[in-house]
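My notes follow below as numbered points.

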Amino acid sequence: MTTQYDADVVVIGSGALGSNAAYELAKQGRSVILLEAGSRIPRWKILENFRTSSRKANFNDPYPNEPWAHTSYDPEYLENTGSFNFRPGMLKLVGGTTWHWAAACWRYLPNDMKLNTLYGVGRDWPIEYDTLEPYYQQAEEALGVAGNGEEDQSGQGGKAWPPRSQPYPLPPDATTYMNQQLVKRLAPEGYHYIHEPNGRVTRPYDGRPACCGNNNCMPVCPIGAMYSGDMHATHAENAGAKLVTEATAYKLEKGAGNKIVAVHYRKADGTDARLTARYFVVAAHGLETPKLLLISDVANSSDQVGRNLMDHTGIGLLMIGDEPLWPGRGAVQQGGIFNWRDGDFRKQHSAVKHSMSNAVPNRTITERLLKQGVIGPELDERIRHDAARWIDVGTVFEMLPNPSNRVTPSTKKDALGIPMLRVNYDVDDYVKAGKEIAKKDYARFAKIFNAEVIEDESGWQNRDHIMGTVIMGSDPKTSVVNGDCRTHDHENLFLATTGVIPASGVINPTLTGVALSIRIADTINKEI
Amino acid sequence: MRANLTSHWLGRAAVALAGALSLGAHAQDSDLVARGRVVATAGDCAACHTSSPSRPYAGGRAIGSPMGNIYASNITPSDGHGIGGYTEQQFADALRKGINAKGQHLYPAMPYTAYAGISDEDMHALYAYFMQGVKADDNAVPETKLPFPYSMRWTMAGWNLLYLGDGIHPAAGSEDERVKRGHYLVDTLGHCSSCHSPRTFLMAEDSHAYLAGAKIDGWIAPNITSDSVSGIGAWSEDELATYLKTGHVKGKGQAGGGMAEAVEQSLSHLSDDDLHAMAAYLKTVKPIRDPNDTKAAFEYAGAAALPPLGEREPVRPDGAADPEALRLATTTDGATLYAGACASCHQPDGLGTQNQYFPSLSHNRAVGMSAPDNLVMAILHGIDRKGADAHVAMPAFGRDLTDAQVAAVATYVEQHFGYPDVNVSANIVADMRSGGPKPLLLRLTPYLMLGGVVIAALVLWLLAAMIRRRAATTARRRR
């Protein structure tokens, strides 16, 4: 008996992860339908929205917050019940949240994936770095990553690490004056300032122009030099995938043999549709993916769906240094300090990453001075003075998976009648111990730059790296997906989200998510 | 006789023997191979015959034509799949006469009517290069299968009788050695006229309008005669040479489309002497002026004053109150579209950046031409060009802008920065999306077929179809 399907594979979510999976499958000749809750909005329109906005510091502001496709700064859409206001800047449109990110494209270290074995805390990944390596390379080529493959990215000043099978597809961006000076002053103090591999192309690549330093990576790269997921949504379409926009998946339907047989979605106008397929890939990000599983009552025999929510919850340091460094030239960030990325200390406290912002700081500085009552020519002078010397350190901490940090469907519903999100999130002692280490670094940074400290007690900050909510593991009793991102409960249901990540490390997880997504496509392609 | 008749195997054996016995001879061979590489670059063989940069000359690139794809052949010295079995005579016949080693006629996608003028010395070097300087690659190229009547390769013979000449346009006057060299590079190796000369009804190059400009694949290959208004007469020799080398000259223009490819693959690799020779020759070409032109395209800088900032970047409706205002990308207001799509690079005033990495739209030939084709094509398809100085790219906007939006923003650009009397319509944009207007002959083909026109005419139509950039000849009536 042959069954007719609407597609070989339905991919739910057209962000960087879903679109890369869809493209890889379509490229291999599979019929693919890509569902997207939001609309397709061209870059020029988003740029117009940004230019004409009076809230330029709000990175979600240029993107529509529709009652049927909310963005995450809407408190109704995402409510919090814990001690911390967990609020990543998530978007709903073709391309997803990579429309505004800083495009950091780090790989995990082999040790990051063996956290429990090596340090007795948290969880191990069920797969090893070597398994992921070829997919990291593919992901870097897809995103057009510019990087320096010669550095020890574990931050110990050793040999090039982690291992790579191929060089970065693009050479690193030129080192800005600020970064040259940072290295000059930090290195003698034992800090390893590492270039950040990033998805901003340094020469024309895949139809994208080279980054010219607009310094506007968030909320939108005005020229498309920085990678965004819509690029692969377009590639997927060109390879034959069908993209359906304004279509919110609200139910995964179970059938015989515990397989998923269909996805139900609702259009913005309220009409419903059902799609059948051999395989389903949910790529709806780390909050929406577990929510869809929970409201569909699938994949949750472990009771871990939605739990173990991790961000790289962080803190910040602002100071005015003793020499002009001229932040704002080039991309919004170029590197970081990784001395606390890996080591035996992880038995006691979280790993720590400090990154130095290279964003134009004038708005922040001006607001501060105006609050102090500085006006007239002095205001101009002070803006010039402070903006040249501004040092903005963003610190992130490695989180451990904790079942009580979780996302659940809210009792509140969106305009389509679909439950919205409720999060409960607290920061544990492992991170708090890491914070003490970071604060010691802050004191040293202030000394190294003879700086006037503006703020070193920022309170916990969002870092928008959602992990753990559909956690990966080898034991179906304690995890949601296996090492292939396949749900333990349903053999034809895969999850393409950073929510699978079981050990967070300190690096931005998108590249890893894309690598895992390409691997999902590979797995499905071999089985069809 | 143009080429020596030494048999292939003897030739190869001799070369090998010489190489083994004498270092001096080996050095000479290397020089010969190096000279052959220069000829291959000037002839831009790689443009068609290299499909993937990692497999030079291994063929396989599909040259699109309305009749179907013509696959560029593998011209590496592979015995089974390339030209490893070619004697030098067979090699020369393919280049000059369009006849392969099997005696089949090549489709004129291969510009043999231009290569007919290749000197014996260059042909010898070219052969040495392809046999010794190119790595054999066993890439199997798909067979070109055009539908009847275009499948009849033998019919090329008739057309060749009419149009296969000596591969060079007659000189306008006496030429010194340098100009003569430029003339050879422009006509024979560079086959410039295959794009830059207009075609007659039967798609032969119009020798009365040599290099006077033509439409090709939606782009305009501009008039490059020495006329100071319609052509390149107002460009200095240095500017022309720089343009060929880098693909751009401040205040004049930038290469896009097929010319960007020619710069990238061929011209940027030529010696400065050769580029100056080409420029010097172009300055001697008989001037041809379009009577409608009153000043050079690069002189135009628009007529309309820019709208005030408040109009270009109005404070928008509150997105929190009306998300539809952020979502719907339906405007056809040229100023709004320019601000969103163009101004980040070309700047609100259209003058580009100070270093002209992002070029000015004023004093820019593509924007100052009386026809908007090249501006519209650049918007639709973008630019990607690696010149001798830099690799630059403009993204394609064909997906993000509707025909009406492209028309609106192009009109805005023309009126404010370029030729002010152009009004671009959505219909023109739609035409260009599909590759530009088709030649009359091609449009008439179905009717002519119905009329039972003779095979010979069909052959001419076939050629019409083939004539695209690279897929073109320097066809002229034999004198």
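1. A word on burial before the details: a residue is buried when its relative accessible area is under 20%, exposed when it is over 50%, and partly exposed in between, with a 1.4 Å probe and protein chains only. T395(A) has a relative accessible area of 0%, so T395(A) counts as buried.

2. Please keep in mind that the model is predicted: local features need pLDDT of at least 70, side-chain atom pairs count only at pLDDT 80 or more, and totals for chains, interfaces and linings use all residues. Residues are numbered from 1 along each chain as its sequence is written, chains are lettered from A and ligands numbered from 1 in the order in which they are written, and side-chain values use heavy atoms, with hydrogens and water left out.

3. Back to T395(A), which lies in strand 12 (residues 390-397) of chain A; helices (H or I, at least four residues) and strands (E, at least two) are DSSP runs, numbered from the N terminus. Beyond its neighbours within four places in sequence, T395(A) has contacts (heavy atoms within 4.5 Å) that include G314(A), V352(A), Y442(A) and R463(A). H354(A) is another of these contacts, and the side chains of T395(A) and H354(A) make a polar contact at 2.8 Å. A polar contact is a pair of N or O atoms within 3.5 Å; within protein, one must be able to donate a hydrogen and the other to accept it, and residues adjacent in sequence count only if both atoms are side-chain atoms.

4. Now for chain B, where 21 helices and eight strands are assigned. Of its 479 residues, 54% are buried. In helix 11 (residues 257-265) of chain B, the buried residues are G258(B), A260(B), A262(B) and V263(B); they pack against helix 10 (237-246) and strand 7 (383-386) of chain B.

5. How many residues does each chain bring to the contact? Chain A and chain B bring 34 residues each. About 2600 Å² is buried between them, 56% of it on carbon and sulfur atoms; buried area is the accessible area (1.4 Å probe) that two parts lose on being put together, summed over both. R316(B), R327(B) and R399(B) supply 25% of the area that chain B buries against chain A, more than any other three residues.

6. Three salt bridges join chain B and chain A, each a side-chain nitrogen of Lys or Arg within 4 Å of a carboxyl oxygen of Asp or Glu. One of them pairs R399(B) with E237(A) (3.0 Å, N to O). On the side of chain B that touches chain A, helix 15 gives the most, with eight residues.
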